[in-house]
Amino acid sequence: ETYLDKKGSLAVDAVVNSSVFTHSHYVALKTKDAIVDRFRDKFGIRPNVDVDTPDLRINIYMNKNKCIVSIDSSGYSLHKRGYRKKTGTAPINEVLAAGMILLSEWNGQSNFIDPMCGSGTIVCEAALIANNIPPGYYRKAFGFEKWKNFDNTIWEKVKKDALDLQKEFEYEIIGSDISAESIAIAKENALSAKLHKDIFFEVKPFENQIPPAGGGLMMVNPPYGERIKPEDIIKLYQSIGNTLKNHYQGYQAWIISSDLNALKFIGLKPSKKIDLFNGSLECKFLKFDVYSGSKKAKNN
């Protein structure tokens, strides 16, 4: 009752791994019954159940003899930032894109380019990081805003304080793709996030993309061979390697892929390997340092 009004609504989700309780729906139902019984005993009225947009969502996690009861402060999944209006084929998750950028240690102090940008998720997340904009800024609502003890004055101050920490970005962020349709979607998403002035988009094949001078970071999420014939995927990854060698001297290049065989045909030795999951696909996230001249000369 601290969080939920007696005339409010609730929903209960359960995840169960127990020899005592084997059905998650039963656990959720008994939890719901206990809550509404308490309200009825204390107030003579019970809250309603709303599985889609409840005022309070409760999560039950049961593992063997341990039970965790949590109040969901987020609402719908936090990976849904709120700026993506459309997506192309097999879009990358916003949280994965942001996590990849953070793993690369790019801090907005150099150029950033995604030459296979699709619907623009990676470059949009890069622009958010570069400008120090909170990732949930574009969400329309959070779960805690419906809580009984929610203080909107404090929340408005929290948002204002966060926005006051925005920074100016002095370098270039570029998103390009061979598909004009994908670039149109990417532009719409960037405009929705008010990042259209920070990101330059163009329709261009990867092998023809010339990155800005001065070095920086290139990040790409190429096809994994799920929809492309094996011989074509090998040619694609060979082309990626050749393009890096010819056009991306002075850049760090990061590539994520689940096709471990195709990655070998890039023809460069990765300086770092990180295991990641893109949805259910186990991937390698590889870093390549593309030097001007030989690596030996660079080290000297």
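**View 1. Helix 3 on the strands of the sheet.** In this predicted model, helix 3 (residues 121–131) lies across strand 5 (111–114), strand 6 (173–177), strand 7 and strand 8 (216–220). Helix 3 runs at about 175 degrees to strand 6; axes are lines fitted to C-alpha atoms, for helices over the stretch in contact, with angles from 0 to 180 degrees between N-to-C directions. Helix 5 (residues 180–192) also packs on the sheet, where it touches strand 6 and strand 7 and makes about 165 degrees with the direction of strand 7. Contact means heavy atoms within 4.5 Å; helices (H or I, at least four residues) and strands (E, at least two) are DSSP runs numbered from the N terminus.

View 2. The order of its 7 strands is 7-6-5-8-9-11-10, with mixed pairing; two strands pair if DSSP finds at least two bridges between them. Strand 7 (199–203) and strand 10 (272–278) are the edge strands, each pairing on one side only.

**View 3. Strands 9 and 11.** Strand 9 (residues 251–257) and strand 11 (residues 281–290) run antiparallel and are joined by 7 bridges. Ile255 has Leu286 of strand 11 as its bridge partner.

**View 4. Confidence of the model.** The protein has a mean pLDDT of 90, and 95% of its residues reach 70 or more; pLDDT is the predictor's confidence in each residue, from 0 to 100. Over residues 296–300 the pLDDT is below 50. Where pLDDT is low, the predicted coordinates should not be read in detail.

**Notes.** Residues are numbered from 1 along each chain as its sequence is written, and side-chain values use heavy atoms, leaving out hydrogens and water. Local features need pLDDT of at least 70 and side-chain atom pairs count only at pLDDT 80 or more, whereas totals for chains, interfaces and linings use all residues.
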